[in-house]
Amino acid sequence: MTKTVYHNILVPVDGSKEAEAAFHKAIEVALQNGESTHLQILHVIDTRSFQNVTDFQTTMVDQVSQTAKETLEAYVKEAQAAGVKNVAYKIEYGSPKALIATEAPKEFEADLIMIGATGLNAIERLLIGSVTEYVTRAAKVDTLIVRA
């Protein structure tokens with residue numbers, strides 16, 4: 001049996017404990033796959049959530065972006081401290097489902113997506129759908145769901 005080696009791992013994070021578990025597992029997998037493995041951390045700011053705010057101001061988006069940047073920079077430092085040589089992050093704006101499942105894997109040439117399990121219950125998944133569920137169905141690359 002041959003071992004699959006992943007060269008470009010994409011790990012989307014959203015601040016949840018499930019995403020943090022996926023991030024830590026992604027560090028492990030990156031280290032197991034060698035120094036040339038790239039770890040790309042992605043945070044998607046869902047701009048649709050701001051459309052419901054009646055007094056929309058760009059400062060709100062700026063604040064969310066700044067918080068995301070600080071969090072992602074801490075993740076990069078943590079991955080580097082663990083021994084991951086090639087790690088970067090990116091903040092995107094738009095629909096998390098489409099960006100994580102199709103656009104980001106192409107952009108980063110990902111061969112593995114490591115994503116946290118959803119915290120939604122069955123009714124929420126039925127009504128709004130889970131990003132994780134969508135990614136597992138739509139992604140064209142291997143996808144690993146990490147449970148917290």
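1. Helix H1 covers residues 17-32, 16 residues in total, and spans 23 Å from its first C-alpha to its last. This is close to the 22 Å expected at 1.5 Å a residue, where the expected span is 1.5 Å times one less than the number of residues. Helices are DSSP runs (H or I, at least four residues), numbered from the N terminus. Gly34, which follows H1, has a positive phi near 105 degrees.

2. The model is predicted: local features need pLDDT of at least 70, side-chain atom pairs count only at pLDDT 80 or more, and totals for chains, interfaces and linings use all residues. Residues are numbered from 1 along each chain as its sequence is written, and side-chain values use heavy atoms, with hydrogens and water left out.

3. The buried residues of H1 include Phe23, Ile27 and Val29. Ile27 has a relative accessible area of 7%; buried means under 20% (1.4 Å probe, protein chains only). Apart from neighbours within four places in sequence, Ile27 is in contact with Leu39, Ala79, Ala82 and Val84, contact meaning heavy atoms within 4.5 Å.

4. Helix H3 (residues 96-108) packs against helix H5 (residues 131-138) at an angle of about 30 degrees, with the axes 9 Å apart. Axes are lines fitted to C-alpha atoms, for helices over the stretch in contact, and angles run from 0 to 180 degrees between N-to-C directions. H3 and H5 are therefore roughly parallel to each other, a term for angles under 35 degrees. Among the residues making the contact are Ile100 and Ala101 of H3, and Tyr134 and Val135 of H5.

Technical notes:
Helix = DSSP H or I, 4+ residues; strand = E, 2+ residues; numbered from the N terminus. Buried < 20%, exposed > 50% of the residue type's maximum accessible area, 1.4 Å probe, protein only. Parallel < 35°, antiparallel > 145°, perpendicular 65-115°, else oblique.
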